[in-house]
Amino acid sequence: ARSQIKRMKKRLGQEPVDIISFGDSIEIVRGTGRVCWEYSDVKRVKQLKRSFILERDKNLTIVLDPNGFTKGTFADFKEFLRIRCPNVDIPE
């Protein structure tokens with residue numbers, strides 16, 4: 001991951017920034033690229049020391065900063081996720 005970020009930083013002139021929107025689906029935008037996940041795609045959720053991970057499979061994850069939300073709170077997001085992903089264990 002570090003080498004990929006380093007290459008992207010060199011190419012873009014800055015660190016890459018993903019914009020992730022949660023609505024009817026999960027939309028990830030990086031530069032001109034766009035990917036959508038359905039909530040049913042989320043198979044596992046992990047909470048680490050400083051991040052929160054939504055995992056589709058071992059190689060496809062979304063890493064979130066709990067302090068990086070522009071609307072609502074992290075606690076609100078976890079409640080929203082519990083509704084959208086009822087079959088996935090969401091850590092407290």
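Me: A residue counts as buried when its relative accessible area is under 20% and as exposed when that area is over 50%. In this predicted model, is Asp41 buried or exposed?

Reply: Asp41 has its place in the loop between S3 and strand S4 (44–47), and its relative accessible area is 18%. Because the limit for a buried residue is under 20%, the class that applies to Asp41 is buried.

Me: Which backbone nitrogen does the side chain of Asp41 reach, and which residues is Asp41 in contact with once its neighbours within four places in sequence are left aside?

Reply: The side chain of Asp41 comes to 2.9 Å from a backbone nitrogen, and that nitrogen belongs to Glu38. When the neighbours within four places in sequence are set aside, the residues in contact with Asp41 are Glu55 and Arg56.

Me: What is the order of the strands in the open sheet, and which strands are at its edges?

Reply: The open sheet has 3 strands with antiparallel pairing, and their order is S1-S2-S3. An edge strand pairs on one side only, which is the case for strand S1 (19–22) and strand S3 (33–37). From one strand to the next, the twist averages 15°. The order asked for is therefore S1-S2-S3, and the edge strands are S1 and S3.

Me: Over how many bridges do S2 and S3 pair, and which residue in S3 does Ile26 stand opposite?

Reply: Strands of a sheet pair through backbone hydrogen bonds, and this can happen in a parallel or an antiparallel way. Strand S2, which covers residues 26–30, is paired with S3 in the antiparallel sense, and the number of bridges is 5. Within S3, the residue that stands opposite Ile26 is Trp37.

Me: Which element of the protein chain has the lowest mean pLDDT, and which has the highest?

Reply: Over the protein chain the pLDDT averages 87, and 90% of the residues score at least 70. Among the elements, the lowest mean, 70, belongs to helix H1 (residues 2–12), while the highest, 94, belongs to helix H2 (residues 74–84).

Note on methods:
Residues numbered from 1 in each chain as written. Predicted model: local features only at pLDDT ≥ 70, side-chain atom pairs only at ≥ 80, totals over all residues. Heavy atoms only, no water. Pairing = 2+ DSSP bridges. Helix = DSSP H or I, 4+ residues; strand = E, 2+ residues; numbered from the N terminus. Axes fitted to C-alpha atoms, helices over the stretch in contact; angles between N-to-C directions. pLDDT = per-residue confidence, 0-100. Buried < 20%, exposed > 50% of the residue type's maximum accessible area, 1.4 Å probe, protein only. Polar contact = N/O pair within 3.5 Å; in protein donor to acceptor, adjacent residues only side chain to side chain. Contact = heavy atoms within 4.5 Å.
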